[in-house]
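Subject: Handover of a structure

Dear colleague,

Please find below the structure that I am passing on to you.

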Amino acid sequence: MQELEKEFQSVVDQFFRTKFYSSALPQNIWYPQADVYENTHGLVVKIELAGIDPQRIQVIVESQTLIIQGVRPETTRDKKSLYYQLEISYGPFRRIIALPFAITAAEAKTNYQAGFLEIELPHNGKSAAGLKVIEMNNF
């Protein structure tokens, strides 16, 4: 299932790369894990982003698509140490999430705490249009 998700994410990334970005993006982008659920207020997206400065995270809503992107800086590794396992991803990341319904991006709220970014997106019952960058707050 994870392979299918990675392949889908790659196709979506290629679409957005050609639609929104004129310069080539790095090919070694990693994809953070996310939970998406609906409550009485709207949609909630919780994404795992440990070790990242919230100021380096960009949250964008375009129509019914949520884009979360940024960079986790590489840590300095001791060259004298022998590493047996390296599983933590560093460098640029991006997660593109198709929203199941129109949301009110102007009323979106973010909360970054203990390595998790939580985005609250109230639904509005109308079709979303345009591009909206959501300011990071509450961290």
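Two strands are taken to pair if DSSP finds at least two bridges between them. Helices (H or I, at least four residues) and strands (E, at least two) are DSSP runs, numbered from the N terminus. By these terms β6 and β7 run antiparallel and are joined by 5 bridges.

Please note that this is a predicted model, in which local features need pLDDT of at least 70, side-chain atom pairs count only at pLDDT 80 or more, and totals for chains, interfaces and linings use all residues. Residues are numbered from 1 along each chain as its sequence is written, and side-chain values use heavy atoms, with hydrogens and water left out.

Overall composition

The protein contains 1 helix and 8 strands. Along the sequence, these elements follow the pattern α-β-β-β-β-β-β-β-β. The protein has 139 residues, of which 38% count as buried; buried means under 20% relative accessible area, exposed means over 50%, and partly exposed lies in between (1.4 Å probe, protein chains only). The accessible surface is about 9000 Å², and carbon and sulfur atoms account for 51% of it; such areas come from the Shrake-Rupley method with a 1.4 Å probe, and for residues only the protein chains shown count as cover. Among contacts (heavy atoms within 4.5 Å) between residues at least 6 apart in sequence, 63% join residues at least 24 apart.

The open sheet

Four strands make up an open sheet with antiparallel pairing, in the order β1-β2-β7-β6. Its edge strands are β1 (34–38) and β6 (109–113), each of which pairs on one side only. From one strand to the next, the twist averages 15 degrees, where axes are lines fitted to C-alpha atoms (for helices over the stretch in contact) and angles run from 0 to 180 degrees between N-to-C directions.

The pairings can be followed across the sheet. Strand β1 is joined to β2 (residues 42–48) by 5 bridges, and the two run antiparallel; A34 has I47 of β2 as its bridge partner. Next, β2 and β7 pair in the antiparallel sense over 7 bridges, with V45 partnered by I119 in β7.

Strands β6 and β7 form a hairpin with 2 residues between them. A114, in the loop between β6 and β7 (116–122), has a phi near 55 degrees, a positive value in a residue other than glycine. Most residues other than glycine have a negative phi. A114 is exposed, with a relative accessible area of 74%.

A second hairpin is formed by β3 and β4, again with 2 residues between them. These strands run antiparallel and are joined by 6 bridges; β4 covers residues 65–72, and I60 stands opposite I67 in β4. Strand β3 (residues 57–62) is mostly covered, since 5 of its 6 residues are buried. S63 lies in the loop between β3 and β4 and has a positive phi near 60 degrees, although this residue is not glycine. Is S63 buried, exposed or partly exposed? S63 counts as partly exposed, at 29% relative accessibility.

Yours sincerely,

A colleague
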